[in-house]
Amino acid sequence: MARGLMKRTVCAKSIFELWGHGRSAGELYASLKNYPTDKMLPYLQSDSTYKVHIHTFNKTLTQAQKIKKIDALEFLPFKGKVNLKNPEHIFWILEDYGTNPNDVPEEPIHLYFGRWIADGQRELIESYSVKKRHFIGNTSMDACLSFIMANHGRVKPNDIVYDPFVGTGGLLISSAHFGAYVCGTDIDYNTIHGLGKASRKNQKWRGPDENIRANLRQYGLEKYYLDALVADSSRPVWRKGMLFDAIITDPPYGIREAPRRMGSQKETVKSVERSTENHFFVSSSYHLSDIFFDLLKFGAEHLVMGGRLVYWLPIYRPEYTEEIIPRHPCLKLISNCEQMLSSHTSRRLITMEKVKEFKDQDESSYLLDDQYMPYRGHSSFREKYFSGVTKRIAKEEKDNQK
């Protein structure tokens, strides 16, 4: 179970079976002597190989210091042979010297000894880094957060995963890494077709092969790519029924990208864009509260039973209460985690699971819910976000004048 967990997580570096710990070397050795011998012996047999590794936090030890600490463990009943290159069992000494690099104590404040079980997937953060990615946009999701979202969605091989605000496809990549087939939609014609201005510094226009498919090809995941469509997430484009095992998305909340939907000449039109020679796009404003309630309704209708909806919800911290989290009778709230954006704003990673089949009467059930109104205020999230930025700049200027 521990190895299975570590095959997925990007949050943990390693996992160990703890044999002993203490606040000093003496306490550590006493703890190790109290550890049941019958639990140690299977890994200390004469026909086995092992090595001992030392890892320090906030301090660097010389090789001589490391050897001295390893030799001090000679009271443990090691019977096997040392093999530094390919041992069967690896034991770690972990020493914690605190978190202040300007005040490193002579001796560690915590010591641990244990048997290494498995490493996490931290290297995925670097290998899938947005900095090295072929096709990026203003809001491309950080690789670490993408994998966290895929894990919250319990994405597994042969799932079908959908992102209704797909952008440059960053969230599709992490799901495809875990063997899911991926697809998405976006209202932005230029982004879906890889046209227009580039988001990279020192690059004016996007290249001929900058698109979502090229991103998946870059990581050897193209076989998992179903397609991306130019579509408005507020309008029904999918046939009725349960289609997706997970919906994983990061809706626009008006900071780097404006939330918008298809407009018509009858509405108060926000803008008319010319994407290509023959393509005109008429957009109108799309309130944040409507985005999230449309998303929940879509998830309730199109997720399989037990399928998960994972999305980011921006909030203004002084006004936040758990009651404002949008709800739907077909979806159960599984988790609600915060990522700070500033002193006054943050976004919550919301995970919901489908627990009830969608019926026609669930179509607008949220409109009758008391919890629909509290989130209404968050349609002004953008104004509140920038009002905080303006106040901070004004305060800094005032402080500089003193």
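Predicted model: local features only at pLDDT ≥ 70, side-chain atom pairs only at ≥ 80, totals over all residues.
1. Isoleucine 212 belongs to helix H9, which runs over residues 212-218. This isoleucine counts as buried because its relative accessible area is 1%, a value under the 20% limit. Setting aside residues up to four places away in sequence, isoleucine 212 touches Phe135, Val166, Gly167, Thr168, Gly169, Leu172, Ile192, Tyr225 and Ala228. Isoleucine 136 stands 76 residues apart from isoleucine 212 along the chain, yet their C-alpha atoms are separated by 9.0 Å.

2. When neighbours within four places are left aside, its contacts are Met149, Thr249, Pro251, Phe292, Leu295, Leu296, Pro326, Arg348, Leu349, Ile350 and Met352.

3. Aspartate 250 is found in the loop that joins strand S9 (244-249) to strand S10 (260-262). Is this aspartate buried or exposed? Its relative accessible area is 16%, so aspartate 250 is buried, given that the limit for that class is under 20%. Beyond its neighbours within four places in sequence, aspartate 250 contacts Met141, Asp163, Phe165, Leu171, Trp312 and Arg347.

4. Helix H7 (residues 170-177) is largely enclosed by the rest of the structure, because seven of its eight residues are buried. The buried residues of H7 are Gly170, Leu171, Leu172, Ile173, Ser174, Ser175 and Ala176. Their cover includes helix H6 (143-152), strand S6 (160-163), strand S7 (181-186), H9, strand S8 (225-230) and S9. Just after H7, glycine 179 adopts a positive phi of about 90°.

5. In the whole structure, a search for cavities of 30 Å³ or more finds one, and the volume of the largest cavity is about 90 Å³. Its lining consists of 15 residues, of which Tyr162, Pro164, Asp232, Ser233 and Phe298 are the closest to the centre. Helix H10 (residues 288-302) provides the largest share of this lining, with four residues. By residue type, the lining of the largest cavity divides into 10 nonpolar, two polar and three charged.

6. The second largest pocket holds about 330 Å³ of space. At least two lining residues come from each of helix H2 (25-34), helix H4 (63-71) and strand S4 (89-96). The lining of the second largest pocket includes 10 nonpolar, two polar and seven charged residues.

7. As for the chain overall, the protein has 11 helices and 15 strands, and buried residues make up 46% of its 402 residues. Of the contacts with a separation of 6 or more, 70% are between residues 24 or more positions apart. The accessible surface comes to about 21800 Å², and carbon and sulfur atoms account for 51% of that area.

Notes: Residues numbered from 1 in each chain as written. Heavy atoms only, no water. Buried < 20%, exposed > 50% of the residue type's maximum accessible area, 1.4 Å probe, protein only. Contact = heavy atoms within 4.5 Å. Areas by Shrake-Rupley, 256 points an atom, 1.4 Å probe, with all protein chains shown as cover. 1 Å grid on protein atoms, 1.4 Å probe; cavity = no way out; pocket = protein on both sides within 12 Å on 5 of 7 lines; lining within 4 Å. Points joined across faces, edges and corners; volume = space filled by probe spheres on them. Nonpolar A, V, L, I, M, F, W, Y, C, P; charged D, E, K, R; others polar.
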